[in-house]
Amino acid sequence: MTAFLYLLPCAGENLIKLGISRDPLARARSLAPRWFEFFDLDRAWLLQADRLAEAQAWETALKRSLKPHNAPAPLLSVRAAGGFSEWFRGAHGAVLDHMEAMARQGFALHPARPWLGQALARGSDSLYGWADALWQSMLDSGIDPSLHPLAPSLRDACDEQAAFALGVEDRLPADVVRWYRDVRG
């Protein structure tokens with residue numbers, strides 16, 4: 001089964017998250033709130049392996065070679081997501097060099113932003129249903145939707161779509177789109 005070695009650099013600093021996942025979108029989402037801003041997705045890469053064991057071997061070799069670059073996880077990362085030994089400072093170039101070498105051997109190397117955007121686009125049906133159910137729950141509570149405790153989750157989901165230029169008006173219920181436009185000003 002396909003697996004990916006991922007290279008996710010933090011935006012605005014020389015810190016990367018290195019790891020493996022069968023679902024890079026779910027993994028990125030688990031690592032940080034507003035992950036689409038937390039990581040510099042224009043410098044992020046996914047190296048596709050045919051088997052999980054291949055991706056694990058790449059990760060193990062890289063982690064050993066990058067030991068001097070090991071860094072603590074950023075404070076804004078989600079502690080429950082784990083992976084505390086997979087943060088490295090000053091190692092983006094070395095990891096990308098390794099990934100490019102593997103690509104020269106025939107493995108697929110994907111720029112992360114388009115790949116993640118396509119994965120988001122494939123999830124439009126579940127997004128619509130989730131947003132509709134959340135919106136109805138917010139309305140049923142009797143609390144102003146903009147003040148509801150779940151409002152940030154809905155706003156973040158809308159912002160996530162916008163960050164990948166996926167039109168919210170085509171992917172979300174009309175009431176949610178109107179609310180989002182009002183909230184964003």
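How many aromatic pairs does the count come to by the ring-pairing rule used here? The count comes to 7 aromatic pairs, where rings of Phe, Tyr and Trp (its six-membered ring) pair if their centres lie within 6.5 Å, and where planes under 30 degrees apart count as stacked, over 60 as edge-to-face and the rest as tilted. The model is a predicted one, in which local features need pLDDT of at least 70 and side-chain atom pairs count only at pLDDT 80 or more, while totals for chains, interfaces and linings use all residues. Residues are numbered from 1 along each chain as its sequence is written, and side-chain values use heavy atoms, with hydrogens and water left out.

**Overall build**

- The protein chain holds 9 helices and 5 strands, taken as DSSP runs numbered from the N terminus (helices are H or I with at least four residues, strands are E with at least two).
- Read from the N terminus, the order of these elements is β-β-α-α-β-α-β-α-β-α-α-α-α-α, and the C-alpha trace spans about 55 × 30 × 25 Å along its principal axes.
- Of the 185 residues in the protein chain, 44% are buried, a term that stands for under 20% relative accessible area, with exposed meaning over 50% and partly exposed in between (1.4 Å probe, protein chains only).
- Contact means heavy atoms within 4.5 Å, and among contacts between residues at least 6 apart in sequence, 69% join residues at least 24 apart.

**Aromatic pairs and clusters**

- F39 and W87 form a stacked pair, with 6.4 Å from centre to centre and 10° between the planes; F39 lies in the loop between α2 (35-38) and β3 (45-49) and W87 in strand β4 (residues 87-89), so the pair ties together parts that are 48 residues apart in sequence.
- Both F39 and W87 are buried.
- The rings of W135 and W179 have centres 5.9 Å apart and planes at 55°, so this pair is tilted; because W135 lies in helix α6 (residues 124-140) and W179 in helix α9 (residues 174-184), the pair ties together parts that are 44 residues apart in sequence.
- W135 is buried, with a relative accessible area of 8%, and W179 is likewise buried, with a relative accessible area of 8%.
- One aromatic cluster is formed by W35, F36 and F164.

**Charges over rings**

- A charge sits over a ring if NZ of Lys or CZ of Arg is within 6 Å of the ring centre and within 35 degrees of the ring normal; the charged end of R113 sits in this way over the ring of F164, 5.4 Å from its centre.
- R122 lies over the face of W115, at 6.0 Å from the ring centre.

**The surroundings of P145**

- P145 is placed in the loop between α6 and α7 (151-163), and at 15% relative accessibility it counts as buried.
- Leaving aside neighbours within four places in sequence, P145 is in contact with W135, M138, L139, A151 and W179.
- P145 and H110 are 35 residues apart in sequence, and their C-alpha atoms are 39 Å apart in space.

**Backbone angles**

- Most residues other than glycine have a negative phi.
- R34, which is not a glycine, has a positive phi of about 50° and lies in the loop between α1 (24-31) and α2.
- A165, which is not a glycine, has a positive phi of about 55°; A165 is found in the loop between α7 and α8 (168-171) and is exposed, with a relative accessible area of 70%.
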